[in-house]
Structures are given as structure tokens and as C-alpha cells.
Amino acid sequence: MKPSDEVQLTAYALGEGTPAERAAVAARLRTDPAAQAAVDEIRAFAAQLATELQGEPDIGLTDDQRRRIREASARPAGRLVRFPWRRLTGFAAVAAVVTLVFGGTLWHAAKQLLDDRFAKSREASIACEMVEVDEQQLDELLAPAERPDMVDVVTPPDLDWDMAPPPQVEDFCAAPAASAVAELNVASDAISPIVMKGLAPGAMANRASRGRAASLGSYGGRWGLYSESMPPANAESYAPIQGNTFKQVANEPLSTFSIDVDTASYANIRRFLRAGQMPPPDAVRVEEMVNYFPYDYAPPKGQTPFAVHVESAACPWAPDHALVRIALKGKSLDAERRPPCNLVFLIDVSGSMDEPNKLPLVKKSIQLLARQLDARDRVTLAVYAGAAGLVLPPTPASDLATIDAAVENLRAGGSTAGGAGIRLAYDAARQSFLPDGNNRVVLCTDGDFNVGIVDSEELAGFIADRAKQGIFLTVLGFGMGNYKDDRLETLSNKGNGNYAYVDSFSEARKVLAEQAAGTLFAIAKDVKLQIEFNPAQVSSYRLVGYENRLLAKEDFNDDKKDAGELGAGHAVTAFYEVVPVGAESAPGVDPLKYQPAAKEPTAPRERANDNPEWLTVKLRYKLPQADRSEKIEVPFVGAARPFADASTDFRFAAGVATAGLMLRGDPSVMDLGFDDVAAWAAAAVGADPGGHRREFLGLLRDAAVLSP
Amino acid sequence: MRPENPAPAASETPPDRATWLEAVVARYERPLCQYAYRLTGNFDAARDAVQDTFLRLCRAGVLEEARTAPWLFRVCRNRCIDLLRKERPMQPLTDAQAAVLPAPGPDPAEEAGRRESASLLLRKLAELPAHQAEVIRLKFQHQMSYREIAAVTALSESNVGYLIHVGIQTLRQQAAQF
């Protein structure tokens, strides 16, 4: 008897299986006494097991807990408010969006090449990703340390199921925008049920989470789609994030922060959702989610390294408020004129890297990156584990055979001493230093620096010191579990660098091929933004995300204060939720007792001005080798505009920001469901060359199913 | 995260909803506690997870009959995982530690020792890999279908079928040896 037949017999004996399957087994039992005997035995055993399990002692809640639940159940269910499109269009005073864009020349040749390659390799890479999922899918959810010997037997039926491309994404996107809007109109009605007309079958999965008529089958199957293993619950660490609150313009007219082009948080959130788990709120950095996606911002003209675009529209989660988007676009680099690269890869080869999505992915990533370089560039490989060592001396990037061979020889084993390895890598970078080049250490690790130098402060100081000498740091985080998010981000920030989380080959391609220029070439460093709001137009504001990038207002003009680096062609997007004067504002504070009345939050500091500008964006940056900063100022006059009239990029990015706030548990978006956000993001997918936006829609559906 | 469930809740009058909730709590309180205890290995954590599950249900409103059990067990399971994570938020886990740290559930040997009344079969069940034991309990203790178990555990249905089959085979063989 084949193993799959045995599984089927068990299923039959336990009353499982589709009618067709059951009929087939029943027919077989009539002619196969051995199989009939097996079914009888299984039934007898199942009955015995059920009886014994019923006899197990059980516990209940405490009386106190029961009382709390009773009290909660006596309260009426929450108010039903969905995205209020009707109201929104009514608020004329509300609308306006800000887009600052910094532009420049494109690294045309490389980009063209990458686009072509991307298109060709897309199908292959999907298969590649699926194989990775396949290797993970049998991990048990709660005890990853134990792995049963069942891989060979169970994969075939599962593969059929799991490897089928998720049709929901395409179907959902194909749902006409009109029907999505129509549905939202219905949804904004507090009483009538939401009708699912015009939505593709895949969208049913969302509805299941709302208690709609969707059958169990549609969502049960949905959860089967991604069966990555659950991350180990206790090995990951995230620094706590306190969401930004509303600031009164009268009190705090200036908002200052450092740019952040990191995207690691998004990839990490994706990993959680695909594994069937909501990410912990502290793992969610809204700005990193928003900045994950490419946007079509116009590049800068002339000599400035940035274009600044400001756009505003009604805020989708608070129609009385406006959402202001500030977008920076860095100029791109010409393939011919880009500086030569001196790249030192520092690779963690400790035992923890010995997983399919760690060291093997590092190898593929390095080989991918090496192919973006040419004879002008130098590649060095250093490894660290119990000991650190150089495995490839500085080698011209055109010598791919040598580089590939060295990469292939990497093996994982031993414990991790991150500190010693970093010293070695920086020493190597200094020895092959290119005065006019891009000198960079690329750290590839799962972040588990648990042996050797563990003093984060000392390590961070060392990296900051080297950044001042012109050697920057890029950190690539690999793998799942054991993932030290806060530490990796701190290190890359100290090194004037960027940080990406690579969880699949497609992510490696996005970071290292599609956006190689941005990852590797800085066009500006210490990029800071300061927004001054006009109290005559704006009563209060809050910055969405960037919680750990906030600066004091004095830091803006202080060239000694470090800030984020912007890579060639990179874009940065920030949203402000703005309360226009006249709209209902967040509650103010009492007048101060011991301060002059001028400090009073409700009284304008001076005679109201009649300037129509909402705000002025001030930007400071340094060229990569410069010590003194330069400043750009862009004033912005908000315009009344409904959210639906905003640009495609604006609406999509706003959807991502909303989903981010929801994942953070931000109270302002509690009335929205993930499927609402999916509906408006789906209407703003646009051309979506890398397929990243469609993937996001899939994640929203996962979140909708997972959120109670 | 979602504060309420739409139409069905809205169309119910408050007393009906409260009655429904009371019935659901009465029906699932002990099964959920039992399930949560198996996941966390700790009575207090189990009770906290179950209380939280019901509080979320209060906000979610009335569910269809067929969805109720999978929803409750699914949310409870996530709460247990969250609690386990919260308990040990910043612990660095080296490979060496990972190899010796027990799975989050009750320690099988300790469990067996404490429960002298537990039958041989239940002791053997406690020794199965955690995920096999979990799906077997969902099937035979909580009478869920493969499909429902798949919804609760995020496994595929065929995977659930396989795990239950293997678990039963192992238990039968072990039972036959004694």
C-alpha cells in the first residue's frame, strides 16, 4: 500500500475527504478486506483516543475573568464606520498633497539591463521562491526544533496546492476600480451589509474574516497558501516604537527628522504575515513600508541632487484632516560616470547561517551583485565566525570566475564574533581604498552577534568613525528567527549606510539588482528634513512613522549631527496628517499658569498672517565627501482635493501607510479593515513593474484573515 | 485590530448578542483553556490567552456557527504565541541554547510524572512532536474537521491529514508494544 493511500484510509476512517474521495475509498474497501480491516482498526483506535482525551482534567477561567468577559459582552458592539467616501468629497476645505522630488540623471544602462533581466528571470524566480517556501512548509508551527521525518512523503500533494500561483492577487487587481469604489460606498453605510458583487473569487478570502457568507473552504484554503514556518517566538528583538502624536502648530511649528530609505521592516512584516501570524507592533516601521515601493517621482533637473515634490489630499482615515506627502527623489547615476566601487563583503558564516534562506541566499546575492559591476570595481570577501578571515583578496569585479569560486566555497559553522570581523573588513576596505570611489563594507548576517565584541556602543562608535573616513556600511539581514532588527539598523545608521532585509531571492534581486545604484552609491549624506507649518492654515499635525528618526529642531542646522544617506535614484516618502485651521483639532492643553500668554496653545503666537502657504519644506544635505551642508526650501500651498483625485502613487503610498498604522495598532485607523485598504490600494496599483504592489495586496488579504 | 464585524452583528439586537456570547463562552471556555494550556504549558498564561480571546470575540460580534470554533481556536493560538513572545522578549538565543531549551508546551516527562492517572496512551501522545500532538488533540479532543484544523493552525489540509495519520500510526505501534 502506498503511503498516500494509507493517509487516505485514515482520512476515510475519520469521516474526512470529499464525497468523490470517499466514494473511491468505499469502492476499494468492498474488494480489499485488508484495507477494510485497517479502517476498522483506525476507527476503534480513534474512539479509544477520543474517550481518553475526554477524561483529561481540564481547567476553566477564574471568576474574575468570567466577570470581565460578561461585562464586555453587555456593551454594544463597536460603531461601524468604514472609509467614508461620501463625506470625504463633501469636505472641500480639506484636500491637498505635497510631493517634493529630488531628481537627476538615470543610471540608464544599468537600469535597462536590469529591467530586461528582471522580466526574463521573473518566472524562474517565482519557481525559486516557491522552492524555498516548500522547504519551510513542513516545519511545525510551535516547535521548530523538532522536524519529523516525513518530508518525502507529504510534499507531492502539498506542492500541488502550495505551488499553484496565488490567483487571488491577479484576480483581485483585475476587479474594476469602479466596483471597489461602489463597494466602499455601501460599506460607509453603517447598517446595510456589504455586498460582494463584482469582486473576484479571491476576494472572498477577505470577506470570510468579516463573518460574511464565505464558506469555510475559501478561507481554510487561503491559509494553506503560504506555509512558511512560524518564526521562533523568542529569538527576535525589536526596539519599542512610540507612535508620533499630534503637535499644535502654535506650540511646535517645526518638525525635524532624518530621512530613512531602509525597507527591512516591510520584508520582515511580509515574513510574519505569510507565516500566518500578525507581526509584533514594534516590528512595524511605517516609513520603511512606504519606502519599500518604487514611485514614479520626477527626477531633479539641473545640478541639485534632489527633487522635492509635495502633494496633499483628504486623509483617508480622517476625512476632516489632510494628508500631506513629502517626496524626495535622488538623481540617478550614469553607468559611465558612476564612481568605481571598492566593496568588502563581510559574511557571517556562523552556525546559525546554515539555513536555506541564509548563507545560500547570501551567496546568490553576492553573485548577483558582482554581475552589476565591472573591471573598475574591486570585490573583497571576508568571513567571520569563531575566527575572522579574508577569503578573497581585492579582486577586479570583471573576474567573475574567481569571485564565484570563492563564494561557492563559503561554509557555515562555528559561533559568531561580529566585532572582530567588522574590524577586519574595514581594514581591508582601507587597504584598497579608492579616493574618488564608493568604499563600502557590505555586512551579510542574521544579526546574531553573540560571541566576542558584544558592546554595541563600542561597535557603533567604530563604524561611525570609519564612516567619517569615507567607508560606508550597508547591512543585509538574512533569514528568519534570530533576527536582531534594532541592532542591524543601528549599525547601518552609524555607518552612514542602508539596511535591507533579504528573505528571498526576489528580495535580493530588488535590493541588489533593481536598486543596485541606490544601495551602493550615495549621492548625499546627512539628509535632514525640517517642515515649518503655518499656524494661519494648519492647527496641528503629526508625522506618520519615522519615530526613531526624529531630530531636535536645533539639529537641523548642526552639521555635526548625523542623518540618513540617500542613494542614487532612491526616493524617500513621508506623510504628515495635517489638521487644517477650522477642522476639529486634537484636544489642546490648558493654558500655562507660569508662562506668558504667548505660549498658550490656543492663541496664535502673533497676529494671524494671511499667507496661504500650509508649510515650507526645508532640506539639508551634504555631498558624499563634503563636510558642510547645503539647504533647499520648498513652500507648499495646500489645495482642496478628495482622496480619490490624488495621484496613483499618492493613493498607493497612503494605503501602505494606513496598513502600517493598522499593524501598529494605531487608534486612529481602528475603524478600517485591511480589506478596505486593499480595495483602495488595488485601485492605485498602476503599472507595477516589479510586481511589488500586487504582492502587497496579497499581504493585506493575509492580514484581513488573521486580524480578528 | 478590527473593532467589529459587520452586518451580522449590526442586525442583531443587543440581548440576542449577549445571549449568544454567553452561550459561546459557556461552550468553549474549557476546551480553549485546555488547548491554550497545551500550547503554553502554563495555566495562568492559558487563562489570559482565553480571556483575551473572548474579549476580542465581544468586539467581533456574532459569528456564524461554522466559523465560531475555528475563529476562537485561531485567535487563542495567536494569543498564546504572542504571550510566549512577550514572556521572553529580548533573550538572545544561541544555537547551543536552542538545542537544549524545551519546546514551549508542557515538558513531556514532567507532564507524565505529574499525571500518574494519565493513561499510557496519553503519555505517548505527550511525547509526539508538538505539531502532531496539537492536530490530534484538535481532532479527537475538540472534534474538528481537517479543514477546521487547517484554518486554526495555518497548515494545509493535506498536511493536517498527513500529520494526524502519522501521529495515529505512531501511537498505535507504541500501544501495541506494551
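**Figure 1. Contacts across chain A of the predicted model.** In this predicted model, 81% of the contacts in chain A between residues at least 6 apart in sequence join residues at least 24 apart. The chain contains 23 helices and 16 strands, and buried residues account for 58% of its 708 residues.

**Figure 2. Confidence along chain A.** The average pLDDT of chain A is 72, and 69% of the residues score at least 70. Over residues 78–234 of chain A the pLDDT is below 50, although this stretch has 397 contacts in the model beyond near neighbours in sequence. Residues 598–605 of chain A also have a pLDDT below 50, and there the model shows eleven contacts beyond near neighbours in sequence. Where pLDDT is low, the predicted coordinates should not be read in detail.

**Figure 3. The five-stranded open sheet of chain A.** Five strands of chain A form an open sheet with antiparallel pairing, in the order β1-β12-β14-β4-β3. Its edge strands are β1 (247–248) and β3 (306–315) of chain A, each of which pairs on one side only. Although β3(A) is an edge strand, nine of its ten residues are buried, so β3(A) is largely enclosed by the rest of the structure.

**Figure 4. Close-up of strand β4 of chain A and its two partners.** Strands β3(A) and β4(A) run antiparallel and are joined by ten bridges, and a hairpin of two residues connects β3(A) to β4(A). Within this pairing, F306(A) has G330(A) in β4(A) as its bridge partner. Strand β4 (residues 318–330) of chain A also pairs with strand β14 (residues 571–580) of chain A, in the antiparallel sense and over eight bridges; here A322(A) stands opposite V578(A) in β14(A).

Figure 5. Leaving aside residues up to four places away in sequence, F345(A) touches I366(A), L369(A), V379(A), T380(A), L381(A), A382(A), V442(A) and C444(A).

**Figure 6. The buried side of helix α15 of chain A.** In helix α15 (residues 400–408) of chain A, the buried residues are I403(A), D404(A), A406(A) and V407(A). These residues lie on the same side of α15(A), because they cover an arc of only 165° around the axis. An α-helix has 3.6 residues a turn, so residues three or four places apart point the same way.

Figure 7. A search of the whole structure finds zero disulfides over all chains; a pair of cysteine sulfur atoms would have to lie within 2.5 Å to be counted. The closest cysteine sulfur to that of C33(B) is in C76(B), at 7.8 Å, which is too far for a bond. For C80(B), the closest cysteine sulfur is in C76(B) at 4.4 Å, again too far for a bond. C33(B) is buried, at 0% relative accessibility, and C80(B) is buried with a relative accessible area of 1%.

Key. Residues numbered from 1 in each chain as written. Chains lettered and ligands numbered in written order. Predicted model: local features only at pLDDT ≥ 70, side-chain atom pairs only at ≥ 80, totals over all residues. Heavy atoms only, no water. Buried < 20%, exposed > 50% of the residue type's maximum accessible area, 1.4 Å probe, protein only. Contact = heavy atoms within 4.5 Å. Helix = DSSP H or I, 4+ residues; strand = E, 2+ residues; numbered from the N terminus. Arc of directions from axis to C-beta. pLDDT = per-residue confidence, 0-100. Pairing = 2+ DSSP bridges.
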